Amino acid sequence: MLCGTRRELVWIRNALHSLSIQAEAMLGFLTARQAGLDDPLRLRRAESTRRVLSLKLNPDRDVDRIHGNGINTVDIDAVEGKYMLSGGADGVIAIYDLENYSGKPQYTCKAVCTVGRSSRYVHKFSVETVQWYPYDTGMFVSSSFDKTMKVWDTETLKPAEVFEFEGNIYSHNLSPIARKHSLIAVGTKNPKIQLCDLKSGSRIHVLHGHRGEVLSVRWSPRYEHILASASADSKVKVWDVRRASGSLFTLDQHNGDKSKASSEAVNTAHNGRVNGLCFTGDGLYLLTTGTDDRMRLWNSATGENTLVNYGKVCNESRKRLQFTVSRGCSPEFVFVPCGSSVAVYALHTGELVTMLRGHYNNVDCCEFHPDYQVRCTNAHGGESLPIHLSYTCTL
């Protein structure tokens, strides 16, 4: 008994010492900021980094269980940061309010509305991508294996526009910064990338170059006309959609010749299907994942492979893999679904920082929230219903 008490006292003493160090560091940042000795953003970056390094499963937060099968995709609005979209293998779309209005630590994020199986507008098959309109929560876009992409009015939950395609849709993406265009890039079973215009409601352009199904497309958060695409042909291409002469370059894992003739022939980003794309917040780097169990970091301007070694990054998904990068941290971190966990890597060193555990089945997607940190969902329901898990930091 005395031994147990002594261990508890040691644990308490260590915890208090750790809190004292954290408080001292925080005080130092505040003093330096007040005196004008430090960049005002340094405190924010330091605190964001500390929170990511302290991530753990939050036992006090839950989310309404709406989906009957796995959840394939999530998105958190960039305007208010309080509404989350989710799309499931059952074709259902749900919108959740992430705010806690109860004033109590334990709460459940409620679904404020759903496009359920009883709706005449529901997708017939699995929803693969959902995304908020970047400037307004009054609109969002969903795409599905039923070969349609729908632009929804959030208030009425009715599609304002429906685009139909010849094959399954794996991915779509709206530019987070575009002011001069309103294009949605769409990757389907067809090797051609389709560009759809929200203003005219029509498909206005096709990008040729891939030889396999296009599994992921992402617009650059730095330049509104730059688009990246990943395909089952092992290639990642970077495009300027203003040009009619094809892609700017094709990424080469061996940093070989990037001339157009060479890149079309031999350049590959991975030794397998490339099913994941993610730009860093500043748009300077592009991350890719492939079924060769590798993740690579590229200079998005030159296409150079930075050769950061992340080790084996398990990836058995036949579809798009939704992973994410932190924002506002120093250094930045990458969150990647890995089996029933989420692997957290240091972006520029490749170090595996931690594994976020808690799911019972494979994780298919995760999303970073600057305030709530990480919110992820499992891909397969199994015996238990699919559930969103919140990882938050200990303050």
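This is a predicted model: local features need pLDDT of at least 70, side-chain atom pairs count only at pLDDT 80 or more; totals for chains, interfaces and linings use all residues.
1. Residues are numbered from 1 along each chain as its sequence is written, and side-chain values use heavy atoms, with hydrogens and water left out.

2. Strand β5 covers residues 93-97 and β7 covers residues 111-115, and the two run antiparallel, joined by four bridges. Strands here are DSSP runs of E with at least two residues, numbered from the N terminus, and two strands pair if DSSP finds at least two bridges between them.

3. Strand β4, residues 83-88, also runs antiparallel to β5, and five bridges join them; in this pairing S86 has A94 of β5 as its bridge partner. The two strands form a hairpin with four residues between them, and G91 in the turn has a positive phi of about 85 degrees.

4. Five of the five residues of β5 are buried, where buried means under 20% relative accessible area, exposed over 50% and partly exposed in between, with a 1.4 Å probe and protein chains only. Both faces of the strand are covered, with I93, I95 and D97 on one side and A94 and Y96 on the other.

5. On the cysteines, the count of disulfides comes to zero, a disulfide being a pair of cysteine sulfur atoms within 2.5 Å. C109 counts as buried because its relative accessibility is 1%, and C329 likewise counts as buried because its value is 5%.
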